[in-house]
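Open the model in your viewer and have the selection tool ready. This tour goes from one selection to the next.

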Amino acid sequence: MRVTVRLFARLRDIAGAAELARDVAPGATVGAVWRDLARDFPQLAAYERTISSAVNADYARMDQAVRDGDEIAFLPPVSGG
């Protein structure tokens, strides 16, 4: 299956791209996609406990299954005033 991963802010900086196409195994979850990214970009691992995720623009938990063609977004925590 092929999914599109969108990364924002510091996550984008670490990966060097705002959007990545990734091949994932059937039955993969959002968490599996994240772990695969963290293997390729080890600095991402530090954000695992604080990121938010979404599938097709709807917030999603890490145990949610993904489907072929899905867009998965990972967002780091934000601050501001």
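**Start at the helix over the sheet**

Select α2: this helix lies across β1, β2, β3 (52-55), β4 and β5, and runs at about 65 degrees to β5. Contact means heavy atoms within 4.5 Å. Axes are lines fitted to C-alpha atoms, for helices over the stretch in contact, and angles run from 0 to 180 degrees between N-to-C directions. Helices (H or I, at least four residues) and strands (E, at least two) are DSSP runs, numbered from the N terminus.

This is a predicted model: local features need pLDDT of at least 70, side-chain atom pairs count only at pLDDT 80 or more, and totals for chains, interfaces and linings use all residues. Residues are numbered from 1 along each chain as its sequence is written, and side-chain values use heavy atoms, leaving out hydrogens and water.

**The sheet**

Now show the strands. The 5 strands form an open, mixed sheet, ordered β2-β1-β5-β3-β4. Pairing takes at least two DSSP bridges between two strands. From one strand to the next, the twist averages 30 degrees.

Zoom in on β1 and β5, which pair in the parallel sense over 4 bridges. Pick threonine 4: its bridge partner in β5 is glutamate 71.

**The core**

Select Leu7, Leu37, Val66, Ile72 and Phe74: they have the most contacts inside the largest nonpolar core, which has 21 residues. Such a core is a set of buried Ala, Val, Leu, Ile, Met, Phe, Trp, Tyr and Cys residues joined through side-chain atoms within 4.5 Å; buried means under 20% relative accessible area (1.4 Å probe, protein chains only). β1 (2-7), α1 (9-15), α2 (30-40) and β5 (71-75) each give two or more residues to this core. α2 gives the most, with 4 residues.

Finish on leucine 7. Leaving aside residues up to four places away in sequence, leucine 7 touches Arg12, Ala15, Ala17, Ala18, Leu20, Leu37 and Phe74.

Note on methods: Buried < 20%, exposed > 50% of the residue type's maximum accessible area, 1.4 Å probe, protein only.
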